[in-house]
Amino acid sequence: MKPSSSVWCFVPFLVGLVLVLILLPQGNQHQHHGRSNQILSQLSSKAILVEGWLRDKQSTTDAEPASSSSSSSCSTEYYYYYMSGSGNGIPLGPNLSTCHPTSSQNADTPHRSSHELNCCPALPDSREPIIKDFQLPSPSSASPVRIRRPAHRLALDKEYLTKYNKAVAIMKRLPPDHPHSWHRQSQIHCIYCNGAYNQASADGAADVPFMVHGSWLFFPFHRFYVYFHERILGKLIGDDTFALPYWNYDSPDGMPIPDIYMKGELHDEKRATRHLPPAPVAIDYTPDKLDTGYVEPPAAEQAAINLALLYQHMVSGALKPELFMGCKLRPGEDGACFGPGTVEAAPHNSVHLWVGNTDLPEYEDMGTIYAAARDPVFYAHHTNIDRLWALWRRLHGYRGARPEFDDPQWLDSHFYFYDENADLVRVGVRDAIDMDRLGYAYEEVDLPWLDARPKPSVAPELARSLLRAKEKDYDNMLRMATNKGPWTLEGTVRVQVARPPKSTIKAGQEELEEEVLVVEGISVEKGMHAKFDIYVNLVVDETVASPKLREYAGCFVKMKGADVAMKGGSRNMKVGISEILEDLEAGEDESIWVSLVPRGATGNATRVDGIRIEYMQ
Ligand SMILES: [Cu+2]
């Protein structure tokens with residue numbers, strides 16, 4: 001394709017841009033009005049967040065046209081133009097003709113048998129006669145907004161429950177090969193998450209799997225997944241206002257598995273019996289924690305742990321898009337990365353593991369990637385994850401940072417889904433960003449985790465002298481010179497990590513720079529799940545440490561079956577620590593102590609190559 005014709009592609013885009021600029025501000029304000037009032041009152045005690053959110057709202061409104069797909073009919077050509085290039089410009093996407101059986105377990109894992117999976121459709125999707133490009137509804141379109149409500153408040157809404165159960169029942173009765181069937185809907189997760197497709201965009205014929213976990217593809221992929229699932233359910237019962245509920249586990253009342261998922265079509269047998277209601281979800285969960293002497297806290301304490309963890313993962317640990325969204329996956333083997341964002345690690349991974357039945361080989365259904373979407377509660381878990389993304393974008397505009405990447409390679413990455421008309425559509429990440437444009441919204445509820453900023457376990461001054469005393473104890477502590485591993489996490493690893501001098505930044509820009517702890521080269525034996533917690537300047541015993549302490553910086557959680565993603569490339573966990581260091585009064589110290597605390601019994605299968613600090617702009 002000639003570059004000159006690609007120029008013409010931008011003409012409708014520019015016209016659209018002007019139109020959107022004229023039309024959008026009013027429409028957007030109108031849509032936001034009730035909700036913004038609500039969130040403003042929730043945040044009233046947090047002047048800085050409010051101020052920030054308003055600025056964020058302003059800047060995203062200004063930036064909106066960039067996510068419009070008004071390039072319409074030209075977008076296919078535009079895409080091929082990219083494809084014909086090489087190097088950095090190539091966006092990521094799956095090659096539909098490569099769907100192949102994959103495996104969920106590894107044969108070398110002695111106590112688990114290898115499990116071949118074939119999640120591909122009987123007829124390859126690449127044989128579809130027409131693949132459409134997804135079109136965002138125009139901002140002026142009159143279609144109703146679908147309102148997703150908290151699932152725990154729906155137990156008495158008979159009319160809604162009848163509809164939802166009926167839609168799922170119809171889905172379950174469709175022939176298994178129908179793209180709208182329950183079977184095929186759940187296989188989407190298996191295909192995209194167990195590596196059944198190869199990348200379309202890798203150079204040459206390299207069999208590089210296309211994966212959507214552990215990177216910046218995680219949020220946009222799952223947004224589209226539940227988006228189409230919801231529209232299909234609505235179509236099956238002839239209701240274009242139908243919306244999925246969300247599992248509001250970020251609020252104490254909503255923490256148990258919602259009752260509506262305990263009966264009828266929404267029930268699933270394959271769940272951990274000890275976690276059925278009224279047990280509150282444990283967002284810091286790992287399956288074999290109890291085998292290692294851990295005692296489950298009472299419900300109120302668990303709820304407090306959950307909120308404190310959410311504060312860290314949503315607010316202070318994730319001030320930059322890369323920290324929240326995950327690592328920047330690039331095409332080809334060289335571009336491989338596995339680095340989940342804070343919320344993908346927990347609550348996403350941990351809640352999956354908490355629901356799954358640990359008596360089954362792979363903790364089916366929710367605890368393993370290939371089977372997770374067979375459990376109806378999967379969709380309520382993922383609407384909540386999607387909601388947390390939307391909340392995060394609002395909260396973090398205030399430091400002047402863009403609330404998402406503007407990297408074209410991310411924006412042009414794409415996936416394929418069957419829409420409610422059973423047409424195969426190609427959807428790009430750029431169309432996932434603005435939830436309002438997609439025509440659904442979340443009913444607002446209180447956000448108690450915003451107020452759950454933890455306190456240091458001991459007074460910072462005392463902590464300082466305790467740490468100094470420990471530094472003299474050469475036997476118990478690894479020294480600065482050894483902050484390079486590899487270490488096997490059989491027990492806690494404590495490392496003194498030097499803080500490099502800050503990069504030169506313009507005056508007034510200091511607060512834009514985030515200090516980031518990088519746990520490098522994480523590897524987990526195939527077929528195993530894993531979890532470790534990351535603490536900074538921890539002075540209390542790690543067996544009593546929890547996310548309720550300010551020293552908690554984050555965690556790494558790997559689900560079962562996420563092995564394909566663990567191949568090659570960089571495997572890092574990054575968490576922001578500027579606010580923690582401020583609260584621990586360690587902001588001026590030359591080095592900090594980092595503890596990696598394995599949780600559960602798989603520490604001896606987990607290896608880490610090193611720890612370092614970087615500054616993120
Ligand atoms: Cu998931």
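User: How do H9 and H10 cross, and at what angle?
Analyst: This is a predicted model. In it, the axes of helix H9 (residues 342-355) and helix H10 (residues 377-396) come within 11 Å. They cross at roughly 165°. Angles over 145 degrees count as roughly antiparallel, so H9 is roughly antiparallel to H10.

User: Is that crossing left-handed or right-handed?
Analyst: The crossing of H9 and H10 is right-handed.

User: Which residues make the contact?
Analyst: From H9, they are Val343, His348, Val351 and Val355. H10 brings Val377, His381, Ile385 and Leu388. By class, that contact has six nonpolar residues, two polar ones and no charged ones.

User: What about H7 and H9, how do they pack?
Analyst: Helix H7 (residues 299-316) packs with H9 at about 150°. Their axes are 9 Å apart. H7 and H9 are therefore roughly antiparallel to each other. Here the crossing is left-handed.

User: Who touches whom there?
Analyst: Leu309, His313 and Met314 of H7 meet Thr342, Val343 and Ala346 of H9. Four residues of this contact are nonpolar, two are polar and none is charged. Val343 of H9 takes part in this contact. Val343 also belongs to the contact with H10.

User: Switching to strands. In what order do E4, E8 and E9 sit in their sheet?
Analyst: The order is E4-E9-E8, in an open sheet of three strands with mixed pairing. E4 and strand E8 (414-418) are at the edges. Each has a single partner strand, so one side of each has no neighbour in the sheet.

User: How far are neighbouring strands turned against each other?
Analyst: On average by 35°, direction ignored.

User: How many bridges join E4 to E9, and do they run parallel or antiparallel?
Analyst: Three bridges join E4 to strand E9 (residues 424-428), and the two run parallel. Lys132 stands opposite Val425 in E9.

User: Which helix lies across E8 and E9?
Analyst: Helix H6 (residues 218-236) does. H6 runs at about 10° to E8.

User: Now Pro121. Where is that one found?
Analyst: Pro121 is in the loop between strand E3 (116-117) and strand E4 (131-133).

User: Buried, exposed or partly exposed?
Analyst: Partly exposed, because Pro121 has 18 other C-beta atoms within 10 Å, and a residue counts as buried at 20 or more.

User: What does Pro121 touch beyond its sequence neighbours?
Analyst: Leaving out residues up to four places away in sequence, Pro121 touches Asp177 and Arg184. The C-alpha atoms of Pro121 and Pro176 are separated by 9.3 Å. Those two are 55 residues apart along the chain.

User: One more strand: how many residues of E16 are buried?
Analyst: Seven of the seven residues of strand E16 (residues 552-558). So E16 is largely enclosed by the rest of the structure.

User: And how is E15 joined to E16?
Analyst: By six bridges, with strand E15 (residues 530-536) and E16 running antiparallel. Lys531 stands opposite Val557 in E16.

User: Last, the whole chain. How many helices and strands are there?
Analyst: The protein chain has 13 helices and 20 strands. Of its 617 residues, 46% count as buried.

User: What share of the contacts comes from residues 24 or more positions apart?
Analyst: Such pairs account for 78% of the contacts in the protein chain with a separation of 6 or more.

Notes. Residues numbered from 1 in each chain as written. Predicted model: local features only at pLDDT ≥ 70, side-chain atom pairs only at ≥ 80, totals over all residues. Axes fitted to C-alpha atoms, helices over the stretch in contact; angles between N-to-C directions. Helix = DSSP H or I, 4+ residues; strand = E, 2+ residues; numbered from the N terminus. Parallel < 35°, antiparallel > 145°, perpendicular 65-115°, else oblique. Left-handed = near helix turned anticlockwise from the far one by under 90°. Contact = placed C-beta atoms within 7 Å. Nonpolar A, V, L, I, M, F, W, Y, C, P; charged D, E, K, R; others polar. Buried ≥ 20, exposed ≤ 12 C-beta atoms within 10 Å, placed from the backbone. Pairing = 2+ DSSP bridges.
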